[in-house]
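Here's a quick briefing on the fold, the helix packing and a few residues worth a look.

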Amino acid sequence: TAIPISEVLPKIEPGAYVPPSDRRRLPLAQENRSLLTVLELCNAYLADVRRRMGKNTADTYRARLVPLIEFSARADVVRRWPIAARINMEFAIEFKAFLHCRRVNRNGHHAAAEKQMSASQIRNVLGAVSSLLNWAKDPTCNRLPASYVCPFTKDIVGAKPRKDPLRPIPSPQSVRVQLVRH
């Protein structure tokens, strides 16, 4: 990819320009790209996750970040939070409300009946978004300003939901007895 001349000229005079081939060898990322959209930030994060942890983990994170991309692409959201650096507590609260209203298909099968997202999946999505934003402000990747405060705290993400110990058992006792006998 070509580097814009407007980016190179101001750095040549004070001697701060570092060619891209040498930038890869630096331990910390130099450029602060705080004008990234949520989609661009997700792409950079997923590429890094794939490089560090493999394809399966990257696919899991991609599936968990899809609701964030869908939410951030809505017109009213783009108008209020056009770049990822502007994500704040209000965004986090509205995104969590969006997840609670979001209807999904079982295991991603498009012909299956739709139902609301489970509490554990909502927590997984919010945890993935928290990981994304904390990764982005880390000085080693430097995608968000170091002063950025991630709004997806433990209060927003929540605790791991517990199953109801008094929930009904899906298979009747007679079927379970037959399974044990068999």
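Among contacts in the chain (heavy atoms within 4.5 Å) between residues at least 6 apart in sequence, 58% join residues at least 24 apart. Keep in mind that this is a predicted model, where local features need pLDDT of at least 70, side-chain atom pairs count only at pLDDT 80 or more, and totals for chains, interfaces and linings use all residues. Residues are numbered from 1 along each chain as its sequence is written, and side-chain values use heavy atoms, with hydrogens and water left out.

**Overall layout**

- The chain's secondary structure comes to nine helices and two strands; helices (H or I, at least four residues) and strands (E, at least two) are DSSP runs, numbered from the N terminus.
- Going along the sequence, the pattern reads α-α-α-α-α-α-β-β-α-α-α.
- Of the 182 residues in the chain, 29% are buried, where buried means under 20% relative accessible area, exposed over 50% and partly exposed in between (1.4 Å probe, protein chains only).

**Helix α3 and its partners**

- Helix α3 (residues 38-53) and α4 have axes that come within 9 Å and cross at roughly 170°; axes here are lines fitted to C-alpha atoms, for helices over the stretch in contact, with angles running from 0 to 180 degrees between N-to-C directions.
- That makes α3 and α4 roughly antiparallel to each other (angles under 35 degrees count as roughly parallel, over 145 as roughly antiparallel, 65 to 115 as roughly perpendicular and the rest as oblique).
- On the α3 side, V38, L39, C42, Y45, L46, V49, R50 and M53 make the contact, and α4 answers with K55, T57, A58, Y61, R62, L65, L68, I69 and S72.
- Sorted by class, the contact of α3 with α4 has twelve nonpolar, two polar and three charged residues; Ala, Val, Leu, Ile, Met, Phe, Trp, Tyr, Cys and Pro count as nonpolar, Asp, Glu, Lys and Arg as charged, and the others, Gly among them, as polar.
- α3 also packs with α7, at an angle of about 90° and with the axes 10 Å apart, so α3 and α7 are roughly perpendicular to each other.
- This contact uses L41, C42, A44, Y45, D48 and R52 from α3, plus S131, L132, L133, W135 and A136 from α7.
- Its class breakdown is eight nonpolar, one polar and two charged residues.

**Aromatic rings**

- The structure holds nine aromatic pairs; rings of Phe, Tyr and Trp (its six-membered ring) pair if their centres lie within 6.5 Å, and planes under 30 degrees apart count as stacked, over 60 as edge-to-face and the rest as tilted.
- F71 and F98 form a tilted pair, because their ring centres are 5.2 Å apart and their planes sit at 45°.
- That pair links distant parts of the chain, with F71 in helix α4 (residues 55-72) and F98 in helix α6 (residues 89-101), 27 residues apart.
- F71 and F98 are both buried.
- F91 and F95 make a stacked pair, with 6.3 Å centre to centre and 15° between the planes.
- Both F91 and F95 sit in helix α6, four residues apart, or about one turn of the helix, and both are buried.
- Ring pairs tie F71, W81, F91, F95, F98 and F152 into a cluster.

**V77 and S72**

- V77, in helix α5 (residues 75-80), is buried with a relative accessible area of 1%.
- Not counting residues up to four places away in sequence, V77 touches F71, S72, P82 and F91.
- S72 belongs to helix α4 and is buried, at 13% relative accessible area.
- The side chain of S72 reaches the backbone oxygen of I69 at 3.2 Å.
- Leaving out residues up to four places away in sequence, S72 touches V38, V77 and V78.

- S130 lies in helix α7 (residues 119-137) and counts as buried at 12% relative accessibility.
- The side chain of S130 reaches the backbone oxygen of F152 at 3.3 Å.
- Beyond its neighbours within four places in sequence, S130 is in contact with C150 and F152.
- N142 sits in the loop between α7 and α8 (154-157) and counts as buried at 13% relative accessibility.
- Phi of N142 is near 60°, a positive value in a residue other than glycine.
- Most residues other than glycine have a negative phi.

Definitions and conventions:
A polar contact is a pair of N or O atoms within 3.5 Å; within protein, one must be able to donate a hydrogen and the other to accept it, and residues adjacent in sequence count only if both atoms are side-chain atoms.
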